[in-house]
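This briefing covers chain-level totals, an interface, helix packing and a few local details. Please read it alongside the structure.

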Amino acid sequence: MTDADAPALAVEDLVMELHLRRGVLRPVDGVSFEVGAGETLGIVGESGSGKSMTCLSILRLLPKPAGRIARGSVRVGGVDLTQLSERELARDWRGRRLSMVTQDPMTSLNPVFTIGDQVGSPLRHHRITRTLRETRARAAAALGRVRIPSPERRLDEYPHQFSGGMRQRAVSAMAIACEPQVMIADEPTSNLDVTIQVKMIELYREIQKETGVAIVLITHDMGVAASICDRVAVMYAGRIVEQGPSRAIFRRPAHPYTQALLDSIPRLGARRKRLFALGGQPPDLLDLPRGCRFAARCPKRMARCDEAYPPEFKLPDGHVSACWLSESEAVHAA
Amino acid sequence: MLGYFARRLLQGFMSIVGASIVIFTITRLTGDPVVLMLPPEAPPDVIDALRIKLGLDLPLWRQYLIFAGDALQGDFGRSYRWEMPALDLVLDRLPATILLSAVALAFSMAVAIPFGVLSAVNRGGWVDRFGKVFAMAGQAMPNFWVGLLLILIFAIHLDWLPAYGAGTPAHVVMPAIALGWYPVAAQTRIVRSAMLDVLDSDYIRMGRSVGTPEFSLVWKYALRNAAIPLITMLGVYFAAMLGGSFVVEVVFAWPGLGRTVVEALFARDFPVVQAGVLFAAAMFVVANLLVDLSYGIVDPRIRHGR
């Protein structure tokens with residue numbers, strides 16, 4: 001059924017539309033990326049840049065009835081999920097081969113069901129376990145894998161008996177219970193305090209080492225992206241503006257937006273007194289400019305930026321930037 | 001928890017005392033029972049003698065204190081009409097009313113929960129619209145009229161169900177529907193809006209993202225959350241059923257507390273009216289207490305004292 005040579009997840013030219021009364025929005029407008037097994041891709045950008053909508057589009061958990069996938073493909077192990085029915089998607093894919101950890105651990109668990117029931121539910125629904133005893137054993141194993149101490153005892157507890165960090169672990173256990181090939185983590189740490197964030201990130205790394213899962217990590221925190229991701233994609237107004245190995249992007253950011261994001265990170269021992277802040281607002285998705293979407297806020301704006309949206313230019317260090325400034329350095333237009 | 005329970009019991013007791021004062025005063029506003037108990041040609045001295053014997057010549061507050069003192073010892077006086085202790089009469093009729101109210105409440109929920117859930121899942125669809133009309137009709141029609149309509153259709157024309165009386169399970173069907181239809185509209189709305197909230201929650205999306213089938217998401221994972229506001233209201237609906245039973249029992253000649261109190265009221269049979277209403281009030285208090293205790297079964301956050 002799946003192709004062994006294909007990347008774990010390949011998204012190509014994905015367009016998601018929201019049909020609202022005010023008009024048609026494209027929160028995800030032609031996004032392409034690939035993630036291999038055992039690899040972590042970070043998607044960074046401001047809130048509203050389309051990061052979360054990209055995730056929801058991959059699993060096709062779109063807002064109803066406004067959302068729809070208008071174009072593009074989402075391949076997991078070579079199979080295009082956009083061609084599958086809702087039923088097939090639920091039965092064979094969601095929670096089985098790809099899963100998602102959402103933003104808020106406090107609200108992602110059902111308050112009136114036990115942790116054991118919830119962590120066991122993907123195992124039951126995907127027929128991985130057949131009996132109650134088997135489900136409990138596998139659910140406890142999943143809780144153990146996310147380093148929850150004495151997991152058997154905690155199966156019968158309810159979410160309110162868990163702390164914030166423990167809840168996020170339980171949600172992660174639910175996501176990895178069936179050992180998926182792809183895990184999408186949507187700001188998994190943004191509602192936790194800093195020390196717990198670090199532990200969660202270490203945990204994801206360990207799980208990845210053990211299972212070889214491909215991880216897509218959505219974050220607005222460049223520090224988190226730098227510490228865990230093999231590659232990074234920067235999103236702005238529904239499009240990826242820069243993408244490549246994280247080392248290359250953090251060392252030599254090519255797109256002015258990426259540069260602005262990196263300049264906004266506070267650094268210990270930095271000479272600069274005031275933290276850089278990018279002025280202006282992202283464009284209204286209902287009223288997009290013809291040219292580059294970042295032009296209005298860009299410190300290096302040129303005349304041609306307003307005329308046409310820049311194509312993706314491939315740079316010598318292997319990363320790709322959608323900015324006219326990169327044209328002169330480009331190896332060839334990607 | 002125990003302190004809470006004791007406080008609730010005290011509150012309940014105070015409600016019953018309040019109800020007893022109101023009912024005691026109001027029954028005495030209906031007129032003099034002695035006139036109805038004796039033949040019209042009875043001489044005035046006989047009438048006065050009976051009035052003194054029943055204690056009806058005393059000032060109202062003294063009558064109440066005597067009644068309250070006796071009631072606390074379990075003596076609710078003798079029925080003027082049936083010539084037996086009022087308490088025995090009420091306890092004899094109470095089970096039939098509890099049965100009717102419980103079946104009516106079960107009927108209303110059996111209709112409201114599926115309608116509410118399906119309306120929320122297919123918002124604006126035909127179930128949502130039909131459910132609204134159906135439920136509104138129930139709320140717009142008085143229960144005695146629904147009762148008469150049911151008798152006309154199912155007893156007289158179709159001859160499927162007995163028109164009145166009690167004894168077999170078939171007898172309870174029509175009175176329970178007549179009584180239980182009224183709260184369906186409100187219950188459907190509660191379930192529908194609670195379901196809409198829950199279906200939009202992160203944990204349902206999380207469930208969907210791990211492949212939980214839509215059917216279990218809706219009927220298992222969402223419904224138990226959405227049931228909490230309905231359970232909160234169950235005590236109120238049970239009270240509505242008790243109130244409604246006073247009328248519906250008369251329509252269907254159901255041998256319950258409601259019909260007995262209505263008959264006693266016409267006969268100015270004060271002890272029976274007082275005992276009947278007090279027991280209805282007590283049932284209301286107990287029902288609300290049980291509802292409070294039952295939250296914990298559905299919502300673990302309350303069970304663990306949070």
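Helices (H or I, at least four residues) and strands (E, at least two) are DSSP runs, numbered from the N terminus. The model is predicted: local features need pLDDT of at least 70, side-chain atom pairs count only at pLDDT 80 or more, and totals for chains, interfaces and linings use all residues. Residues are numbered from 1 along each chain as its sequence is written, while chains are lettered from A and ligands numbered from 1 in the order in which they are written.

**Annotated spans of chain B**

- The end C-alpha atoms of residues 133-157 of chain B are 25 Å apart, and this span is 92% helix and 0% strand.
- For residues 275-298 of chain B, the end C-alpha atoms are 35 Å apart, with 100% helix and 0% strand.
- Both spans come from the UniProt annotation "transmembrane region" (unreviewed entry), which covers residues 12-31, 98-121, 133-157, 163-185, 230-255 and 275-298 of chain B.
- UniProt positions are given in the numbering used here, feature names are shortened, and annotations may be inferred rather than shown by experiment.
- UniProt also lists residues 94-291 of chain B for "domain: ABC transmembrane type-1" (unreviewed entry).
- Residues 94-291 of chain B are 83% helix and 0% strand, and their end C-alpha atoms lie 20 Å apart.

**Chain B overall**

- Chain B contains 14 helices and zero strands.
- Along the principal axes, the C-alpha atoms of chain B fill a box of roughly 85 × 55 × 30 Å.
- Of the 306 residues in chain B, 39% are buried (20 or more other C-beta atoms within 10 Å of the residue's own; exposed means 12 or fewer, partly exposed in between; C-beta atoms are placed from the backbone).
- Two residues are in contact if their C-beta atoms, placed from the backbone, lie within 7 Å.
- Among contacts in chain B between residues at least 6 apart in sequence, 73% join residues at least 24 apart.

**Interface between chains A and B**

- On chain B, 21 residues are in contact with 28 residues of chain A.
- The elements of chain B that give two or more residues to this side are α10 (202-209), α11 (214-251) and α14 (300-303).
- α10(B) supplies the largest share of the side of chain B that touches chain A, namely seven residues.
- That side of chain B divides into seven nonpolar, seven polar and seven charged residues (Ala, Val, Leu, Ile, Met, Phe, Trp, Tyr, Cys and Pro count as nonpolar, Asp, Glu, Lys and Arg as charged, and the others, Gly among them, as polar).
- Tyr203(B), Met206(B), Gly207(B), Arg208(B) and Ser209(B) are the buried residues of α10(B).
- The cover over the buried residues of α10(B) includes β6 (98-101), α3 and α6 (164-176) of chain A, together with α11 of chain B.

**Helix packing**

- Two packed helices are described by the angle between their axes and the distance between the axes.
- Axes are lines fitted to C-alpha atoms, for helices over the stretch in contact, and angles run from 0 to 180 degrees between N-to-C directions.
- Helix α8 (residues 169-180) of chain B and α11(B) have axes that come within 9 Å and cross at roughly 125°.
- α8(B) is therefore oblique to α11(B) (under 35 degrees is roughly parallel, over 145 roughly antiparallel, 65 to 115 roughly perpendicular and the rest oblique).
- Pro175(B), Ala178(B) and Leu179(B) of α8(B) meet Met241(B), Gly244(B), Ser245(B) and Val248(B) of α11(B).
- The contact of α8(B) with α11(B) has five nonpolar, two polar and no charged residues.
- In chain A, helix α3 (residues 115-125) and helix α4 (residues 132-145) pack at an angle of about 110°, with their axes 9 Å apart.
- α3(A) is therefore roughly perpendicular to α4(A).
- Residues in the contact of α3(A) with α4(A) divide into five nonpolar, three polar and three charged.

**Local details**

- Helix α1 (residues 51-58) of chain A is mostly covered, with eight of its eight residues buried.
- Arg60(A), which follows α1(A), has a positive phi near 55°.
- Leu99(B) is found in helix α5 (residues 86-121) of chain B.
- Leu99(B) is partly exposed, with 16 other C-beta atoms within 10 Å.
- Leu99(B) and Gly256(B) are 157 residues apart in sequence and 9.2 Å apart in space, C-alpha to C-alpha.
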